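The following exercises are to be worked through with the sequence and the model at hand. Each task is followed by a solution in steps.

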Amino acid sequence: MAKNKIESLTAEQEAQIPLYLNKYINNVKSGHYRNVYKRDTVEKLINWQYEYSGFAKPMTILANNPYEAQLINQFLTNNYPTEIDTYYTSKDEDEKERCYTVVQDLIANYLAKDAATDKIKNHADNYIFTSDVYTNILLGWWGYLIDVLKLESTMNDAFLNWRELYENAGVFNAICNQKVCITSNYPLEIHRNEEGDLHNPSGVAVKWSGIEWKCYYINGRNISDEDFEMALSGKVTRDVYNAETNQDTRAAWYEILGQEKMMEILEVVEIDRGTFVHNDASIEEVVLFKTKKSYPETGNNPYAWVRFICPSTGTNYLIDVEPHHTSAVEAAVSTSPLVTSVDDYKFDDRA
Amino acid sequence: MSKIDLKPTHTIFMSKKHFVHGGDVQAISSSIPKNAKPMAHKPIALGEKSGHMHIVTGDVQLFIDDQNTMYASVGDGGATLQHVHESVFDGQYNSNKIYQKADHKQVILKPNTDYKFGIHKRYNPLARHWEASKD
């Protein structure tokens, strides 16, 4: 096997990097993975992975989401059907299919009747990197090394086989027991902020099919159902907010409730008021507000806002500014993407 | 030693910047950097959930630089910064047609002038950085 040290990338090689980065994100965003998530494609991946690891083919159960997969795993553990053993040892395809149907019916009955009120008591963590959402990272980087940089290694054939199977199976993750493997589908919707972190202040950030699994996230932080829904239902009062010691929870409430509601809750005081006389002769008044107290989630600073009034609609807009400001006009200028001084902040037309 | 007269020998006329805003979008007359590339028409900014968008229509060519800052070169025919709902816009970017406004009235961009665009900023007190404000 030839050994070549790569000192730098060619322009063509560099140009391929974003394609590999985006390929797997697009497989999720386009719904490709959800489209290919079917029993036959998933079984091919799972069977390959078990055989590659020296195990017999398991019974593969397809769940809608990772939470549902955990519930099914717990249900089968506590109500172990002997058909799983028969499936595992039998060479008769008809008999295996009959066992598969029996187990599927048991699961369907459980999901329809008891699963919604069941809780996970024993979380299974026997996931494996070859059939997981993180597989995408490995396939992207290792695929780039093999396809573009022409890396030669003893595992290339296995890799290419695995990649083909994973890309056409759409498995979010898989709980790998010896005789039963329970896979999860990809989500229906994913909401992210500008930085790409999971984020949705008005509902779940990740929406799944199947048994309800509420995945609330604010700027990448997982927020409990209880905390998120408390804010959504208007139960966060000043006392509740001040009594809450978890900074992530408080930050989440700020995002969910919005600035105006938070100003009401946080006891805001007016710091300064100023006016701009613009070049079109219009006069704009701005007001700087801050909270009386400082908060740990903001680095032990107060929250600070400037109130602008839209010249077209008269609507008040509260725009967050850095907490050090004492001048309303300077704080207002700091929100401009184009000018930095009060003297330059003179619009010729405003709407 | 003779005294050096620091007073300018002639008056220098500074060309005054044309600075406007329509809602969250601000535009200022500015040269277009050499590294900015012409781009197809698209909204300058989109509302997250409202379906509103800020568009520049008329005799105008958009540019974008490697920092994703957008610019516009307005020709003889002039251009307009408009805030419209996506449902009322028929995609005629090169027309001087005024569409039904969403929230903000239209703002005129001067003929034969280049502009730089920016989105009103908001300080995120939790992440402690600046980000574009959203509507």
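A residue is buried if 20 or more other C-beta atoms lie within 10 Å of its own, exposed if 12 or fewer, and partly exposed in between, with C-beta atoms placed from the backbone. The model is predicted, so that local features need pLDDT of at least 70 and side-chain atom pairs pLDDT 80 or more, while totals for chains, interfaces and linings use all residues. Residues are numbered from 1 along each chain as its sequence is written, and chains are lettered from A in the order in which they are written.

**Exercise 1.** Determine what share of chain A is buried.

Solution. Chain A has 351 residues, and buried residues make up 33% of them.

**Exercise 2.** Locate Gly196(A) and decide whether Gly196(A) is buried or exposed.

Solution. Gly196(A) lies in the loop between β4 (189-190) and β5 (206-207) of chain A, where strands are DSSP runs (E) of at least two residues, numbered from the N terminus. Gly196(A) counts as exposed because it has 9 C-beta neighbours inside 10 Å.

**Exercise 3.** Describe the contact of chain A with chain B.

Solution. Counting residues whose C-beta atoms lie within 7 Å, chain B gives 27 residues to the contact and chain A gives 24. Among the elements of chain B that each supply at least two residues to this side are β1 (19-22) and β8 (113-119). Strand β12 (residues 349-350) of chain A runs parallel to β1(B), joined by 2 bridges, which meets the requirement of at least two DSSP bridges for a strand pair. Within this pairing, Arg350(A) has His21(B) as its bridge partner.

Key:
Two residues are in contact if their C-beta atoms, placed from the backbone, lie within 7 Å. Helices (H or I, at least four residues) and strands (E, at least two) are DSSP runs, numbered from the N terminus.
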